[in-house]
Amino acid sequence: MSPEYCISHKRELSKTERELIVFLLTDSGFSELLPSVKHLKVVARCGCGVCPTVLLGTSLTSEAILNASDITRYLGTMSNGTKVGVALMAQGSQLTELEAWSVCGGEFSTWPEIGTLECINT
């Protein structure tokens, strides 16, 4: 049986998550969405329970939005050399998820450093 897509997890964005979202929006040309970042909250996390993927809402009572699309994708490198993909997802102008995935199967539980990120939008 596969794990659930997400697990309820209500909290404020971490400093790292906020900085990462601002970088992704700015670097990929979605600066018009920057004002919405100050209202973002974490409403769920990835169902794997290990990776740093978080689902976003505008309040702690928001429900996770699961049918969103990538607006930008990046590739970063962890300090142990693991290649990690990072995507920011949205539904319309609502940011919905900051997703991470291992490119080559290695495990990780934190975000790659912003300085290692390279845009892979195609």
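Helix 1 is followed by G29, whose phi is positive, near 85°, in what is a predicted model, where local features need pLDDT of at least 70, side-chain atom pairs count only at pLDDT 80 or more, and totals for chains, interfaces and linings use all residues. Residues are numbered from 1 along each chain as its sequence is written, and side-chain values use heavy atoms, with hydrogens and water left out.

Within helix 1, E17, L20, I21, L24 and L25 are buried, that is, under 20% relative accessible area with a 1.4 Å probe and protein chains only. They cover an arc of only 125° around the axis, which puts them on the same side of helix 1, the arc being that of the directions from the helix axis to the C-beta atoms. An α-helix has 3.6 residues a turn, so residues three or four places apart point the same way. What covers these buried residues includes strand 1 (6–12), strand 2 (41–46), strand 3 (54–57), strand 4 (69–77), strand 5 (83–91) and strand 6 (94–102).

Strand 6 also holds T96, which counts as buried because its relative accessibility is 0%. Leaving aside neighbours within four places in sequence, T96 is in contact with V54, L55, L56, I65, A68, M89, A90 and Q91, where contact means heavy atoms within 4.5 Å.

Definitions and conventions. Buried means under 20% relative accessible area, exposed over 50%, partly exposed in between (1.4 Å probe, protein chains only). Helices (H or I, at least four residues) and strands (E, at least two) are DSSP runs, numbered from the N terminus.
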